[in-house]
Amino acid sequence: GEKMPLEISGLKLYSVDEIAEMLKSTKPTIRAYFREGKIKGQKITGKWYITEDNLKNYLSGDYPVPIK
């Protein structure tokens, strides 16, 4: 079934798996983006997450998107 984004105090958070799927990318690539600060994320329990707002900013081109 559909995996729902994590929700913490009204904020939707997307996991590396979900972002990789959305961006047609790989999980290692997405993790590298987080580490290099290409995507702004939070580490929660050892896993990277991005808020819906940050993801929207990223997708709307507020950050440069590296093309793989």
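In the predicted model, 4 strands are arranged as an open, antiparallel sheet whose order is β1-β2-β4-β3. The edges of this sheet are formed by β1 (6-8) and β3 (42-44), each of which pairs on one side only. From one strand to the next, the twist averages 45 degrees. Helix α3 (residues 52-59) packs on the sheet, where it touches β2 (11-15), β3 and β4. The direction of helix α3 makes about 75 degrees with that of β4.

The pairing can be followed across the sheet from β1. Strands β1 and β2 run antiparallel and are joined by 3 bridges. Within this pair, leucine 6 has leucine 13 of β2 as its bridge partner. Strand β2 also pairs with β4, again in the antiparallel sense and over 3 bridges. Here tyrosine 14 stands opposite isoleucine 50 in β4. Strand β4 (residues 47-51) in turn pairs with β3 over 3 bridges, in the antiparallel sense. In that pairing, glutamine 42 has tyrosine 49 of β4 as its bridge partner. In general, the strands of a sheet pair through backbone hydrogen bonds, either parallel or antiparallel.

In total, the secondary structure of the protein chain comprises 3 helices and 4 strands. Read from the N terminus, the elements follow the order β-β-α-α-β-β-α. Among contacts between residues at least 6 apart in sequence, 39% join residues at least 24 apart. Of the 68 residues in the chain, 32% are buried. The accessible surface comes to about 4,700 Å², and carbon and sulfur atoms account for 53% of this surface.

Helix α2 (residues 27-36) has the highest mean pLDDT among the elements of the chain, at 94. Its buried residues are Thr29, Ile30, Ala32, Tyr33 and Phe34. These buried residues pack against α1 (16-22), β4 and α3. An α-helix has 3.6 residues a turn, so residues three or four places apart point the same way. Just after α2, glycine 37 adopts a positive phi of about 80 degrees.

Most residues other than glycine have a negative phi. Serine 9 lies in the loop between β1 and β2, a hairpin with 2 residues between the strands. Lysine 24 is placed in the loop between α1 and α2.

Confidence was considered for the chain and for its elements. The protein chain averages a pLDDT of 85, and 87% of the residues score at least 70. Among the elements, strand β1 has the lowest mean pLDDT, at 86. Where pLDDT is low, the predicted coordinates should not be read in detail.

Methods: Residues are numbered from 1 along each chain as its sequence is written. This is a predicted model: local features need pLDDT of at least 70, side-chain atom pairs count only at pLDDT 80 or more; totals for chains, interfaces and linings use all residues. Side-chain values use heavy atoms; hydrogens and water are left out. Two strands pair if DSSP finds at least two bridges between them. Axes are lines fitted to C-alpha atoms, for helices over the stretch in contact, and angles run from 0 to 180 degrees between N-to-C directions. Contact means heavy atoms within 4.5 Å. pLDDT is the predictor's confidence in each residue, from 0 to 100. Buried means under 20% relative accessible area, exposed over 50%, partly exposed in between (1.4 Å probe, protein chains only). Accessible areas come from the Shrake-Rupley method with a 1.4 Å probe; for residues, only the protein chains shown count as cover.
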